[in-house]
Amino acid sequence: MIPMRDRSALLAVLTFAALVVAGPVVAVVWQEKDDLPSDEEGLWSYAQGRHNNRQWKEADRAYVRLLELFPQSARAEQVHFQRGWLHTYYSHRFNEACEHFERLCKEFPKGQLYWQARFAIGQTWLSQNNRTRAAEVYETIVKEAPEADQRTQAIYQIWQIKEKQFHLQ
């Protein structure tokens, strides 16, 4: 039997040895986790490639890094849209999706994806089976959208929501 004092010393030596041996392994695992490119174009290409291959977690990780390293990127609007899309259709984290679409609308009120994001917010509410909130979003689009085809599409969405509610009753 090993005395208690000697067992503690032995445990300390074994723990130290394990750390010395495992240290490089831990470093390699950590390095693999942080294998994202460091340049803006590389991050965008990496994220798009993962997105297109339905590796949404990796795509989202790259989009997050892109926004962290390049917050003023010309692609920031599209990154928010892509993250909203990922969380709507792949992860089904609808609240996160709405946050990204709403952030896009707030930060890029004159952006190219503004109205697509507004429609996506409505779609996200529909995905959660919240027809009332979705109809409110589409009604706002009808009032505010500059293009007739956008207003027409929103009216059609409202009609579909009302039609489904009528048939459910």
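Which side chain meets Glu-107 in a salt bridge? The views below start with that pair.

**View 1. Glu-107 pairs with Arg-103.** The model is predicted: local features need pLDDT of at least 70, side-chain atom pairs count only at pLDDT 80 or more, and totals for chains, interfaces and linings use all residues. Residues are numbered from 1 along each chain as its sequence is written, and side-chain values use heavy atoms, with hydrogens and water left out. The side chains of Glu-107 and Arg-103 form a salt bridge, 2.6 Å from N to O. Here a salt bridge is a side-chain nitrogen of Lys or Arg within 4 Å of a carboxyl oxygen of Asp or Glu. By this rule there are nine salt bridges. Side chains of opposite charge can pair when their charged atoms come close. Glu-107 and Arg-103 are four residues apart in helix α5 (residues 94-107), so about one helical turn separates them. Helices (H or I, at least four residues) and strands (E, at least two) are DSSP runs, numbered from the N terminus. Glu-107 is partly exposed at 40% relative accessible area. Arg-103, at 43%, is partly exposed. Buried means under 20% relative accessible area, exposed over 50%, and partly exposed in between (1.4 Å probe, protein chains only).

**View 2. Arg-65 forms a salt bridge with Glu-68.** The closest N and O atoms are 3.8 Å apart. Both residues lie in helix α3 (residues 56-69), three residues apart, about one turn of the helix. Arg-65 is partly exposed at 22% relative accessibility. Glu-68 is exposed at 54%.

**View 3. Glu-136 forms a salt bridge with Arg-133.** Their closest N and O atoms lie 3.9 Å apart. Helix α7 (residues 131-144) holds both, three residues apart. Glu-136 is partly exposed at 40%, and Arg-133 is partly exposed at 37%.

**View 4. Salt bridges link Asp-35, Glu-58 and Arg-61 in a network.**

**View 5. The largest nonpolar core has 23 residues.** A nonpolar core is a set of buried Ala, Val, Leu, Ile, Met, Phe, Trp, Tyr and Cys residues joined through side-chain atoms within 4.5 Å. Among those with the most contacts inside this core are Phe-81, Phe-101 and Trp-125. Helices α5, α6 (114-127), α7 and α8 (148-168) each supply at least two of its residues. The largest share, seven residues, comes from α6.

**View 6. Phe-101 touches Phe-81 and Trp-85, among others.** Contact means heavy atoms within 4.5 Å. Residues up to four places away in sequence are not counted for Phe-101. A second, separate core of 14 residues includes Leu-36, Trp-44, Trp-56 and Ala-62.
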